[in-house]
Amino acid sequence: MKLAVISDPHLGTKWGSPREQDSFDQFREAIERAMGYGAQLILILGDIFDTRIPRQEIWAQALRILSLPLAHGRNSVRLVRTIDKDTKEISPVALRGIPVVALHGNHERRTKGLTNPVEALEAAGLVIHLHHNSLVFEGGGRLIAIHGMSNVPEQYASKVLKMWNPKPVEGAFNVLALHQSIGQYVYSGEETPTLDVSDLPPGFDLYLCGHIHYRNEASAHGRPLIFPGSTERTQLIKVEAEVPKGFYMLEIGEGLRLEFIELKKQRDFYYEEMRFDGATIFEIDNAVRVKLNEILQRPRKNPNKLPMIRLRLMGTLAKEASRSEFDDRLISEDFADRAIVVIGKADLQAPEIGEKVQMLRELREQRLSMDETAMRLLEDSLRDAAQVSMFDVRSLYNLLVADRVDEALQNVYRVVESLVKADVKEKKDDNVCQT
């Protein structure tokens, strides 16, 4: 039996941008090529849509693509059993052609009692939706049981999986499908998964997981654990430039044969980090343009679409330079006919900030008291001030800590007044010398 596994199409992502058709192009390619490879079942691991309530234009394209498997000849598998799934929810239309089984992802999950987009697709007869239930299909004299848990909030994932407690079906090839972060496999560093690889129930022949946007192959309980990755690039991080997009074809016979199919219609994507040390805005602008021209000379896999280039700028600026002065939008516009350029400048820092960060690290290592740390910071802030020796920094700090702000200001005013008088006297002396 042949099973195609597709994950995270995110239909509608980047809508209104030059990339708005990419998610549809790549999802259609995945579906059409899965059919071309002889898939008898198609499993989608969640996040078909990028939003919980897609706009009508997105729905229209999604329906056209998902109708393709149903119109693809005669069904070569049959549904023989459901577990915790009401058969009334399954439209007879969904069992024509090549059945499509789908989870909902975190982008589609809605409050209990509200219909999510994948449930709407099921009502239309385009997919069979799984959430804490299972389907058993028969084809070519073999049984395959697909057990699915759609996305739940990460903090509840471990508990919910234990409560569901799915069991392998005897005599079948058993697949457990999820849409969660698992252990070290997370969508982003901001997520704190409660589900670990060891929490996955044992006894299954294959574990599949969506949600993670880059392809990875691991193992759970001695069996394959596959993260197919998204069919569209959404994060524009380094790993998405290194790992191609695609889907998996599985052939289930005496054993299991896995094959990753790379998509041909994905845009070429280049990710580069550029580090600067005390650079002026002019130097950064020039270096970025040189780098973009160099990247555009590299070999391409897909010459039919503009490539995407993401530059991450890091390091320090020259003194008095401001990150806001660097016009990344102008550069993107200048290259718009040759590439889709995204420039990240959040990691460019003024030199003073870098020095302050280093100072804080050193103070922390010295394990100074809070008062002593604040005192050192105040001294450092006043270090570059003219005639800083005229400030009694410790007295000034103690007045501020004691909330005696007026007295502190009077001290500052006295110093400023002395500086002004000294400046006036110096100018008078200069005038006398000139005459």
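A pocket here is an open set of grid points with protein on both sides within 12 Å along at least five of seven lines. The model on screen is predicted.

Start with the largest pocket, which has a volume of about 380 Å³. Select Arg110, Thr111, Lys112, Gly113 and His131: among the 13 residues of the lining, these lie nearest the centre of the pocket. By type, the lining of this pocket holds seven polar, four charged and two nonpolar residues.

Next, select Glu154. Glu154 sits in the loop that runs between strand E7 (142-149) and helix H4 (157-164). Is Glu154 buried or exposed? Glu154 is buried, and it has no salt bridge. Leaving aside residues up to four places away in sequence, Glu154 touches Gln180, Ser181, Glu191, Thr192, Pro193, Thr194 and His211.

Now move to helix H2, residues 56-66. Colour its buried residues, which are Ile58, Trp59, Gln61, Ala62, Ile65 and Leu66. An α-helix has 3.6 residues a turn, so residues three or four places apart point the same way. Display helix H1 (22-36), strand E2 (41-44) and helix H3 (117-123) to see what the buried residues of H2 pack against.

The last stop is a cavity. Across the whole structure, a search finds one cavity of 30 Å³ or more. The largest cavity has a volume of about 30 Å³. To find it, select His213, Tyr214, Arg215, Pro228, Gly229, Ser230, Val239, Glu240, Val243, Pro244 and Lys245, which line it. Five residues of this lining are nonpolar, three are polar and three are charged.

Key
Residues are numbered from 1 along each chain as its sequence is written. This is a predicted model: local features need pLDDT of at least 70, side-chain atom pairs count only at pLDDT 80 or more; totals for chains, interfaces and linings use all residues. Side-chain values use heavy atoms; hydrogens and water are left out. On a 1 Å grid over the protein atoms alone, a cavity is a set of points where a 1.4 Å probe fits but cannot get out, and a pocket is an open set with protein on both sides within 12 Å along at least five of seven lines; lining residues have an atom within 4 Å of a point. Grid points are joined across faces, edges and corners, and a volume is the space filled by probe spheres set on the points. Ala, Val, Leu, Ile, Met, Phe, Trp, Tyr, Cys and Pro count as nonpolar, Asp, Glu, Lys and Arg as charged, and the others, Gly among them, as polar. Helices (H or I, at least four residues) and strands (E, at least two) are DSSP runs, numbered from the N terminus. Buried means under 20% relative accessible area, exposed over 50%, partly exposed in between (1.4 Å probe, protein chains only). Lys and Arg count as positive and Asp and Glu as negative; His and the chain ends are not counted. A salt bridge is a side-chain nitrogen of Lys or Arg within 4 Å of a carboxyl oxygen of Asp or Glu. Contact means heavy atoms within 4.5 Å.
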